[in-house]
Amino acid sequence: TSASDTVFYLSTNTALSALGWLSAGSFVVNSEEGYYASLSGNALSAITRVSNAANQATFAPIAQLPISAAYRFTYDGVAAIYSLSGHPRGNILKTVANRLHIAGVSTAGEVDFYSKIDNPWDFSYATTLSAGDGGAFSFSEGGGQIKGFAAKDNTLVVFKNNVIRGLQFNDDDIPVPQTVIDGVGLGAITAKSIVPVESDIFFASPIGAIRSLIKRDNEQGFSLNQMAQKIQPILVSLDMTSAAAAYFDQKWLLAAATSGSSQNDIILVYDFIYNSWVKWTGINANDFFIYNDNLHYGSSNENATYRLFQGYDDNGAGYEAFQYTKKLDYDLPHELKRLRYVYVEGSMTTNSEIRVDLFYNEEDSPISKTISGTGAYVNVTGEAEEIGSSTFGLGTYGGTDSDETYLLYKFRVRLSYDSVDFFNMQMKFSSDEAGSVWKISKVAPYVTDITGKKFPVDNII
């Protein structure tokens with residue numbers, strides 16, 4: 001290929017129209033970006049060039065032209081409505097700097113249509129661009145179709161699968177593009193997964209990653225961060241095709257589908273207060289929206305809308321609270337061990353029962369025991385820990401329906417187990433009764449090897 005200010009040539013004998021080139025649009029060659037007004041055979045003509053080169057201090061004016069005849073909009077000045085044949089009918093919308101941007105038009109997936117300033121109904125424009133006018137900007141450099149928008153400091157951030165672009169309007173109201181991030185799988189997979197979080201922009205990428213886009217302080221450009229390295233094995237197992245996200249109550253929520261599921265059926269939650277990830281299962285969220293300061297979601301498997309964070313039951317049903325230990329092999333995964341007993345320390349209300357499941361070698365059938373709030377190992381005469389209204393303000397903490405304070409008493413118990421040879425072990429603590437309130441503070445297994453040599457117990461958690 002070669003380019004000049006007047007004409008752009010492709011080394012092909014095939015007519016450009018047959019290759020899918022539009023009658024007018026844009027191109028990128030060696031980081032040089034330009035726009036053409038017409039094409040003939042294998043050549044583009046009437047080119048206006050925009051340079052991203054370091055030695056190019058100014059941007060040439062851009063003659064914004066319609067993508068095709070179908071997008072020459074006719075504005076109805078009386079009714080302030082476009083006919084269906086003229087209005088950009090896309091499913092990606094964002095308002096930035098008093099303009100409405102629309103993408104996702106089926107016949108122009110790489111195009112950002114923008115309205116006039118302060119008039120989101122009017123997308124009309126003339127061949128010669130004037131300040132405040134509407135327009136259509138084609139991001140035809142590759143990287144896939146536009147997947148979503150975000151906004152940062154009057155910059156429209158344009159997400160594709162493999163590239164993230166920016167679009168600003170200069171002092172003459174001329175659209176000026178910029179490349180933010182360029183790389184395979186570094187963009188966004190769906191518009192619904194792109195959510196502003198405080199000063200960042202969170203999104204899900206096509207390669208099973210959660211990333212944040214951050215505007216650098218006091219300098220041009222953005223930086224990209226990986227946000228979920230600790231749960232990467234979970235992420236790569238999920239189907240993000242219909243991923244949807246929301247930021248609410250200092251939590252970022254991402255809905256996705258587990259392997260084999262045709263609908264979203266899991267939510268990953270990052271809690272900014274505790275700086276930790278939580279996994280919610282059994283919630284089929286197709287999309288989120290905030291209304292009247294409440295978080296709602298549309299169901300992915302039924303015609304229903306639900307409101308989250310309303311009380312402490314699951315739409316009238318109970319739910320299981322649980323805590324797992326890590327899988328323990330004592331850094332000797334190839335050696336058999338024996339478990340004698342497990343020391344467990346924590347606090348609980350007297351009406352609570354904690355089920356303790358012990359799993360050997362990733363088996364599905366656990367050995368189960370119960371820690372009861374009425375057991376003699378619960379010190380009800382000692383000082384109780386208060387959780388509830390006196391600690392967190394008015395409101396229920398737990399699973400009952402009234403405001404009250406919960407008294408948690410210290411317990412220490414030793415759970416005995418038959419000597420079973422194992423390679424690794426894992427424990428689960430759980431309860432599913434309404435009103436059960438408890439916490440586990442220490443778990444210390446007493447493990448020996450086959451010959452009776454004691455392993456160091458350094459896994460108190």
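**Turns, cores and aromatic pairs in a predicted model**

Asn154 sits in the loop between β12 (148–152) and β13 (155–159). The phi angle of Asn154 is near 65 degrees, a positive value in a residue other than glycine. Most residues other than glycine have a negative phi. With a relative accessible area of 56%, Asn154 is exposed.

Asn292 counts as exposed, at 58% relative accessibility. The two flanking strands, β24 (residues 285–291) and β25 (residues 294–299), run antiparallel and are joined by 6 bridges. Together β24 and β25 form a hairpin with 2 residues between them. Within this pairing, Phe289 has His296 of β25 as its bridge partner.

Stepping back to the whole chain, the secondary structure comes to 2 helices and 35 strands. Of the 461 residues, 43% count as buried. The accessible surface comes to about 23800 Å², and carbon and sulfur atoms account for 47% of that area. Among contacts with a separation of 6 or more, 50% are between residues 24 or more positions apart.

The buried side chains come next. In soluble globular proteins, nonpolar side chains tend to be buried together. Here the largest nonpolar core has 25 residues, and those with the most contacts inside it are Leu339, Val344, Phe411, Met425, Met427 and Phe429. Two or more residues of this core come from each of β28 (337–348), β29 (353–360), β32 (405–416), β34 (425–431) and β35 (438–449). A second, separate core of 21 residues includes Val195, Ile231, Leu238 and Tyr247.

The model holds 15 aromatic pairs. In one of them, the rings of Tyr247 and Phe272 have centres 5.7 Å apart and planes at 85 degrees; an angle over 60 degrees counts as edge-to-face, so this pair is edge-to-face. The pair links distant parts of the chain, with Tyr247 in strand β20 (residues 239–248) and Phe272, 25 residues apart from it, in the loop between β22 (266–271) and β23 (276–281). Tyr247 counts as buried at 18% relative accessibility, whereas Phe272, at 24%, counts as partly exposed. Both rings belong to a cluster in which ring pairs link Phe202, Tyr247, Trp252, Tyr270, Phe272 and Trp277.

Trp280 and Phe309 form another edge-to-face pair, because their ring centres lie 5.9 Å apart and their planes stand at 65 degrees. This pair, too, links distant parts of the chain: Trp280 is in strand β23, and Phe309 is in the loop between β26 (305–307) and β27 (321–324), 29 residues apart. Trp280 is partly exposed, with a relative accessible area of 23%, and Phe309 is partly exposed at 35%.

Arg99 lies over the face of Phe169, at 4.2 Å from the ring centre. Lys428 lies over the face of Phe322, at 5.5 Å from the ring centre.

Key:
Residues numbered from 1 in each chain as written. Predicted model: local features only at pLDDT ≥ 70, side-chain atom pairs only at ≥ 80, totals over all residues. Heavy atoms only, no water. Phe/Tyr/Trp six-rings, centres within 6.5 Å; stacked < 30°, edge-to-face > 60°. Helix = DSSP H or I, 4+ residues; strand = E, 2+ residues; numbered from the N terminus. Buried < 20%, exposed > 50% of the residue type's maximum accessible area, 1.4 Å probe, protein only. Lys NZ or Arg CZ within 6 Å of the ring centre and 35° of its normal. Contact = heavy atoms within 4.5 Å. Areas by Shrake-Rupley, 256 points an atom, 1.4 Å probe, with all protein chains shown as cover. Pairing = 2+ DSSP bridges. Core = buried A, V, L, I, M, F, W, Y, C linked by side-chain atoms within 4.5 Å.
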